[in-house]
Amino acid sequence: MKLSWIDIRSVGSAKEAIVEEAIHARVDGILASDPADLEGLPPTVRKILFPQGQPLPADFGSADIVVVEPGKHGEPSELALLHPDTEFGRYVEIIDADTLEDACRSARTDRWSLLYFRDPTKIPLEIVIAAAARSEGSLVTVAQDVEEAEIIFGVLELGSDGVLMAPAAVGDATALRRAAEAGVDDVQLVELEVTSTAHVGMGDRACVDTATYFREDEGILVGSTSKGMILCVSETHPLPYMPTRPFRVNAGAIHSYTLGQNERTNYLSELKAGSRVTAVDIHGKTRLVTVGRVKIESRPLILIEATAPDGRTANLILQDDWHVRVLGPGGKVLNSTELKPGDKVLGYLPSEDRHVGYPINEFCLEK
């Protein structure tokens with residue numbers, strides 16, 4: 001999970017409310033210029049002191065990390081020798097090639113690097129992230145708002161280790177924390193045994209086209225109920241008569257659920273350009289991918305029903321065509337129209353019921 005730091009130096013009269021919210025949201029760090037502003041903060045939050053443009057105070061108070069401007073305060077490594085109980089970081093403002101090289105050097109050598117990129121392009125950040133690839137230090141990048149924070153977390157697929165943001169209002173600290181943990185938990189896949197298949201006539205099915213190449217052992221989980229889903233493979237595997245489309249999953253009938261983000265399920269019918277869905281591989285490893293387009297068309301449909309060893313069930317309605325596929329144990333690619341009772345497929349059996357996509361503990365019968 002990424003680090004979420006908030007900067008309270010310029011939040012004004014809302015400081016007390018923003019700090020209280022940040023503690024409740026469990027942000028990772030609170031940054032201030034005055035040691036007094038860090039006093040009384042609980043041990044669950046890092047206390048970061050950054051006296052930007054000011055001399056270093058004689059007493060750091062309860063600060064866990066002191067960020068310094070080397071030209072004014074001295075080198076972090078030298079300060080660490082004088083204050084062995086405090087961690088030090090370097091602040092670098094990147095405005096040109098020379099300061100970019102300073103940031104890369106800090107990324108390679110310093111425990112903490114706080115980076116401010118004056119220009120909106122993220123190419124310099126990509127260069128610093130690449131420079132830090134083998135470093136044990138952490139990069140924290142200044143963001144102007146939550147939207148920019150989300151971009152920073154995803155730069156070069158690795159992203160900055162953390163983001164520092166000055167909240168504009170109450171609610172921003174919580175939003176930053178959510179952006180920092182925007183990944184999705186891995187899932188526990190199970191082997192399901194196919195019990196029956198049936199041709200169920202015409203209906204509308206959705207092809208989910210993403211802005212990402214899927215791997216050969218990867219797809220999205222789809223099911224007619226929130227408690228039973230089957231792993232539908234992407235079109236990464238060669239097919240006769242048509243080229244591969246490794247960004248696409250022919251996912252099933254439009255009423256079906258798939259996993260989105262923040263533990264929510266989404267109907268295939270409500271996905272659109274910009275939506276996020278969870279890609280899952282045969283080991284249950286997950287990642288969020290962005291939808292670029294959803295194609296909904298009328299096609300013949302086939303119903304697949306399957307059962308887990310503990311008796312729980314899943315069913316999936318797919319386009320009734322040989323080239324629409326699901327994944328079995330070991331990543332075996334199975335043509336949906338050739339499935340028969342006794343065949344094994346990979347699935348996911350959440351324990352929670354759903355209300356408007358959110359998990360909830362209530363009675364809900366789906367059949």
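In helix α7 (residues 172–180), the residues Ala-173, Leu-176, Arg-177, Ala-179 and Ala-180 are buried, where buried stands for under 20% relative accessible area, exposed for over 50%, and partly exposed for values in between (1.4 Å probe, protein chains only). These residues cover an arc of only 160 degrees around the axis, which puts them on the same side of α7; the arc is that of the directions from the helix axis to the C-beta atoms. An α-helix has 3.6 residues a turn, so residues three or four places apart point the same way. The buried residues of α7 pack against β1 (3–7), α1, α6 (146–154) and β8 (162–165), contact meaning heavy atoms within 4.5 Å. Helices (H or I, at least four residues) and strands (E, at least two) are DSSP runs, numbered from the N terminus.

The model is a predicted one, in which local features need pLDDT of at least 70 and side-chain atom pairs count only at pLDDT 80 or more, whereas totals for chains, interfaces and linings use all residues. Residues are numbered from 1 along each chain as its sequence is written, and side-chain values use heavy atoms, with hydrogens and water left out.

The largest nonpolar core has 44 residues. Such a core is a set of buried Ala, Val, Leu, Ile, Met, Phe, Trp, Tyr and Cys residues joined through side-chain atoms within 4.5 Å. The residues with the most contacts inside this core are Ile-6, Ile-30, Leu-115, Val-128 and Val-163. When residues up to four places away in sequence are not counted, Leu-115 touches Val-92, Ile-94, Ala-103, Val-128, Leu-139, Val-140, Thr-141 and Val-142. A second, separate core of 30 residues includes Ala-251, Leu-268, Val-277 and Ala-279.

Strand β12 (residues 248–253) is largely enclosed by the rest of the structure, because 6 of its 6 residues are buried. Strand β9 (residues 190–210) is joined to β12 by 5 bridges, and the two run antiparallel; strands pair if DSSP finds at least two bridges between them. Arg-205 has Ala-253 in β12 as its bridge partner.

The loop between α1 (15–25) and β2 (29–32) contains Arg-26. Arg-26 is not a glycine, yet has a positive phi of about 60 degrees. Most residues other than glycine have a negative phi. Arg-26 is exposed, at a relative accessible area of 52%.

The whole structure holds 22 salt bridges, each defined as a side-chain nitrogen of Lys or Arg within 4 Å of a carboxyl oxygen of Asp or Glu. Asp-37 is bridged to Lys-15, with the closest N and O atoms 3.4 Å apart. This pair links distant parts of the chain, 22 residues apart, with Asp-37 in the loop between β2 and β3 (46–49) and Lys-15 in helix α1. Asp-37 is partly exposed at 28% relative accessibility, and Lys-15 is partly exposed with a relative accessible area of 28%.

In the salt bridge between Asp-7 and Arg-9, the closest N and O atoms are 2.8 Å apart. Asp-7 is buried at 8% relative accessibility, while Arg-9 is partly exposed at 32%. Asp-310 forms a salt bridge with Arg-312, where the corresponding separation of the closest N and O atoms is 2.9 Å. Asp-310 is exposed at 51% relative accessibility, and Arg-312 is partly exposed at 38%. A network of salt bridges links Arg-215, Asp-217, Glu-218, Asp-281 and Arg-287.
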